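This briefing is for a reader who is new to the structure shown below.

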Amino acid sequence: MSIFEPGEGTLVVVPSLSLPQDELRRITGARSYEERLLFLLLTLREPGVKVVYLSSAPVDPEIVDYYFGFLPDPDDATKRLTLISLDDPWSQPLTRGVLDRPDVIEQLRAAIDGDAWLVPFVLSELEEELASLLSVPLYGPATSLSYYGSKSGAREVGHEAGVPMARSFGDVRTALQIEEAIEALPGDRVIVKLNDGYSGLGNAIVTRSDRSLISFSADGEDWGSFTAKIRERGAVVEEFIEHRPLYYPSALAGITPGGHARVLATHDQVLGGPNGHVYQGCTFPAAPEYRAEVGASAGRIAQVLAERGVVGLFGMDFFALKADAGYAALLCEINLRIGGTTHPYGAAVLTTGATYDQATGHLMSGDRPKYYTATDNCASACLRGRTPGEVMRTADRLGVGFDAERRTGNVFHLLGAIPEHGKLGFTTIGDSREEADELHALTRRLLCGP
């Protein structure tokens, strides 16, 4: 079973952001991030596949039409797509709202035909309850295994997999534990990470010699509010790697319900934000200097997680740095959920028909490798107030749409954030690293300005 290549059955897509809501509120247009899984509409190219897609607010029909434009038979795909909306964008997280609506539960039951899988963005007790009510299996790790996706749990998995990591102390909660960990680590700076932080928003960099110099990834945070979260949720205190240049690759992996683990892709992450640790986008594949090392480490981690019963997609973040004999890749964290690199990978695979070559780390479409550059953060005031359809027609007119013959160009997402926030995302696919980067930069200039 792979959500990127289902042959038949029903995908019940629940893109609920069942995550700590305090960090989520800091993301512009956060509710529209439910739309990042709309790339799964492209699975409807297979005539035996149905998709049921849940959302807090109705999905603009122009967005659905945009994705159907990639399919050979949009009319037939329309018959196999069911969109169910709570029509309540403020009901967060989405799954909690669904569980409060018996009428929606009945709609879901009626839409499920034959074999089905519930595909959550992130799996919490809410999604487990929904799957139980629907008698549908989950494509994701059970909540009893969620600890392995925390910053502290990732260290245990990394140790078992024999993967190198930065020096750190896990599961710290009290002020004394934090202080002792800070003093025990080398260097003048350390990084403190909330166990359940995501997209880098749960991080703080502490300068030991001057405690007033604390840099938070999230705006509006202070040490009092941050340590309160540590007491409640736990954290890791980790050495701050001063080595430069330092790179931030990641890996995407999947484990089938039968326990087969495989690496799907490696990426280089594009980071930004106040302290440079907030996820902004990615490039595929990871740089050749450390691609093999990242892929091999990711494979060992995936095997350990498979042995512990994990199912579904997950990501792993690394640090890569020059060592005496080549490059070293250090495990940073494991994200047991669909992450920021999943939808670019899905968009690339489902539009080009490419498959991942484990030996080279390339996506191969026939005998040609494919490269891509992706962002979640293309924003401009000139986009605000426009409709998704207007922006997509503009992209086509400017020559930055998708070329179906060459299987290159842009696949857009987060289109629902355009009218209110002037924000969208896109994955730029090319036949070389240079082509993907150049078209990506051109698209950003044309649609979002310099």
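In strand S7, Thr207 is the residue that stands opposite Arg189. The model is a predicted one.

- Strands S6 (residues 189–194) and S7 (residues 203–207) pair in the antiparallel sense, with five bridges between them.
- S6 is also joined to strand S9 (residues 235–239) by five bridges, and these two strands run antiparallel.
- Five of the six residues of S6 are buried, so the strand is largely enclosed by the rest of the structure.
- The sheet as a whole is open and has five strands in the order S5-S9-S6-S7-S8, with antiparallel pairing.
- Strands S5 (168–172) and S8 (214–216) are at the edges; each has a single partner strand, so one side of each lacks a neighbour in the sheet.
- On average, and ignoring direction, neighbouring strands of this sheet are turned by 20° against each other.
- S5 runs antiparallel to S9 and is joined to S9 by three bridges; Val172 stands opposite Ala235 in S9.

**Helices packed on the sheet**

- Helix H8 (residues 175–184) packs on the sheet and touches S5, S6, S7 and S9. The direction of H8 makes about 175° with that of S5.
- Helix H9 (residues 223–233) also packs on the sheet, where H9 touches S5, S6, S7, S8 and S9. The direction of H9 makes about 55° with that of S6.

**Helix H10**

- Helix H10 covers residues 291–307, which is 17 residues. From its first C-alpha to its last, H10 reaches 25 Å, close to the 24 Å expected at 1.5 Å a residue.
- The buried residues of H10 include Arg291, Val294, Ala298, Ile301 and Leu305.
- Residues three or four places apart in an α-helix point the same way, because there are 3.6 residues a turn.
- Among the elements that cover the buried residues of H10 are helix H7 (151–161), S11, strand S12 (261–272) and strand S14 (312–323).
- Gly309 follows H10 and has a positive phi, near 100°.

**Ser250**

- Ser250 is located in strand S11 (residues 249–255).
- Ser250 counts as buried because its relative accessibility is 3%, and buried means under 20%.
- Leaving aside residues up to four places away in sequence, Ser250 touches Ala265, Thr266, His267, Gln269, Val294, Met316, Asp317, Phe318 and Thr341.

**Backbone features**

- Most peptide bonds are trans, and most residues other than glycine have a negative phi.
- The bond from Arg244 to Pro245 is cis, with omega near 5°; Pro245 is in the loop between S9 and strand S10 (246–247).
- The bond from Phe284 to Pro285 is also cis, with omega near -5°; Pro285 is in the loop between strand S13 (278–284) and H10.
- Asp171, in strand S5, has a positive phi, near 55°. Asp171 counts as partly exposed because its relative accessibility is 32%.
- Arg407 has a positive phi, near 60°, and lies in the loop between strand S19 (402–403) and strand S20 (408–413). With 37% relative accessibility, Arg407 counts as partly exposed.

Key
Residues numbered from 1 in each chain as written. Predicted model: local features only at pLDDT ≥ 70, side-chain atom pairs only at ≥ 80, totals over all residues. Heavy atoms only, no water. Helix = DSSP H or I, 4+ residues; strand = E, 2+ residues; numbered from the N terminus. Buried < 20%, exposed > 50% of the residue type's maximum accessible area, 1.4 Å probe, protein only. Contact = heavy atoms within 4.5 Å. Expected span 1.5 Å × (residues − 1). Pairing = 2+ DSSP bridges. Axes fitted to C-alpha atoms, helices over the stretch in contact; angles between N-to-C directions.
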